[in-house]
Amino acid sequence: MFRGPAGLWPFVPFGQSPAVLVDDSRGMKILGVTAEKGGSGKSTLALSLSAVAAAGGKRVLVVDADPQQNSSLVLSGGALPTDSAGLAGVLLGGTADGAVLPATVPGVSYIPAGAGLADAAGVLLGEIGRERRLAVALSALVGRFDLVLVDSPPTRSILTVNAIVAADELLIPVSPGVWSLQGLGSLLGTVDQVRQYLNRPDLRVRGMVLSMVRRDKVSREVEAQLRGEFGDLVCRTTIPHSVKVEESHGRFRPVVTWSPKSAVSLAFEELGKEVL
Ligand SMILES: Nc1ncnc2c1ncn2[C@@H]1O[C@H](COP(=O)(O)OP(=O)(O)OP(=O)(O)O)[C@@H](O)[C@H]1O
Ligand SMILES: [Mg+2]
């Protein structure tokens, strides 16, 4: 059993599945960006990697599965679409194709969360195939996109489970802090349950990404602990804390297009090379 720092809290058993190659034959990779922890850098990671991948020539779709609509707000340039049910509609039977909108980031499309996503999640609980609705909907987009990034809400819910089940691989941002490993243990438990009970033995954690890293003792300790516990599962590239990120989001832009030469943007580019 994996225990947190100093064994302070018990973690559910976590077994990384044997190396199973992701089936890329369909040509569309779905990366779930997830963490059962608020403010760990999920939306920032999804937004930044979408822009990096699009700049590299990939056809990119971002799916906003978080009722907070943070990534929808940036990708809509600050004007959330009012005439689209977004992901809320897709999960309740609409087509993904009909929900795709062009983003303000060049080369990126997105499915907005939709204002009714929180309510839709409640309705979804009574529906057949509730955990697989996103996976089924996205399968209709094969051929249209090379990369799909799914931004997730911070707590376990039917929306998070849909994001995980739809994904080929997961990227897990971890912001260094005293509670960061607690959320991680909980998420890894969810991943194991999805593998076991939702028929996804091939679901793979692509990597844990240290986000908002500062040059302080806490950051150093969390990084050492994470690398000690998970080894190569922790991405080599780390994302520094930078005020440019808040600045860019305030202007409804991913940081990599707002301030492409900043250290944080260069780190996201490097991360793109590592994980995409
Ligand atoms: N590298 C960074 N440096 C400084 N600020 C950052 C960095 N990355 C993210 N932030 C800021 O930290 C906050 C949390 O980041 P973000 O919204 O990406 O996390 P999240 O995990 O998506 O949050 P939530 O759980 O609420 O969805 C945001 O205000 C974001 O602008
Ligand atoms: Mg978010």
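**View 1. Leu 210 and its contacts.** Leu 210 touches Val 174, Pro 176, Glu 223, Leu 226, Thr 238 and Ile 239, leaving out residues up to four places away in sequence. Two residues are in contact if their C-beta atoms, placed from the backbone, lie within 7 Å. Leu 210 lies in strand β7. Helices (H or I, at least four residues) and strands (E, at least two) are DSSP runs, numbered from the N terminus. Is Leu 210 buried or exposed? Leu 210 counts as buried, because 23 C-beta neighbours lie inside 10 Å. The cut-offs are these: a residue is buried if 20 or more other C-beta atoms lie within 10 Å of its own, exposed if 12 or fewer, and partly exposed in between, with C-beta atoms placed from the backbone. Ile 172 is 38 residues from Leu 210 in sequence, and the two are 8.6 Å apart in space, C-alpha to C-alpha.

This is a predicted model: local features need pLDDT of at least 70, side-chain atom pairs count only at pLDDT 80 or more, and totals for chains, interfaces and linings use all residues. Residues are numbered from 1 along each chain as its sequence is written, while chains are lettered from A and ligands numbered from 1 in the order in which they are written.

**View 2. The whole protein chain.** The protein chain has 11 helices and 7 strands. Its radius of gyration is 18 Å, close to the 19 Å that the globule rule gives for 276 residues, so the protein chain is as compact as a globular protein of that length. The radius is taken over C-alpha atoms, and the rule is 2.2 Å times the number of residues to the power 0.38. Along its principal axes, the C-alpha trace spans about 50 × 45 × 35 Å. Of the 276 residues, 46% count as buried. Take the contacts between residues at least 6 apart in sequence: 77% of them join residues at least 24 apart.

**View 3. Helix α7, from end to end.** Helix α7 covers residues 180–197, 18 residues in total. From first C-alpha to last it reaches 26 Å, close to the 26 Å expected at 1.5 Å a residue. The expected span is 1.5 Å times one less than the number of residues. Which residues of α7 are buried? They are Ser 180, Leu 181, Gly 183, Leu 184, Leu 187, Leu 188, Val 191 and Val 194. Seen down the axis of α7, these buried residues fall within an arc of 145 degrees, so they line one face of the helix. The arc is that of the directions from the helix axis to the C-beta atoms. On the other side of α7, Gln 196 and Tyr 197 are exposed. Just after α7, Asn 199 takes a positive phi of about 60 degrees.

**View 4. What α7 packs against.** The buried residues of α7 pack against α6 (158–166), β6 (169–174), β7 (204–210) and α8 (217–230). Helix α6 is mostly covered, with 8 of its 9 residues buried. Among them are Ile 158, Leu 159, Val 161 and Ile 164.

**View 5. The shell around ligand 1.** There are 20 residues around ligand 1. A residue is near a molecule if its C-beta atom, placed from the backbone, lies within 6 Å of it. Which residues come nearest? Lys 42, Ser 43, Thr 44, Pro 154 and Val 245 do. Helices α1 (42–55) and α9 (243–250) each supply at least two residues of the shell. The shell divides into 5 nonpolar, 12 polar and 3 charged residues. Here Ala, Val, Leu, Ile, Met, Phe, Trp, Tyr, Cys and Pro count as nonpolar, Asp, Glu, Lys and Arg as charged, and the others, Gly among them, as polar.

**View 6. The loop between β2 and α2.** Gln 69 lies in the loop between β2 (60–64) and α2 (70–75). Gln 69 has a positive phi of about 60 degrees, although it is not a glycine. Gln 69 is buried, because 21 C-beta neighbours lie inside 10 Å. Pro 67 lies in the loop between β2 and α2. Pro 67 is buried, with 20 other C-beta atoms within 10 Å. Leaving aside neighbours within four places in sequence, Pro 67 is in contact with Ala 113, Leu 117, Ala 118 and Pro 153.

View 7. Phe 252 lies in the loop between α9 and α10 (255–258). Phe 252 has a positive phi of about 60 degrees and is not a glycine. With 16 C-beta neighbours inside 10 Å, Phe 252 counts as partly exposed. Gly 126 lies in the loop between α4 (117–124) and α5 (133–139). Gly 126 is exposed, with 7 other C-beta atoms within 10 Å.
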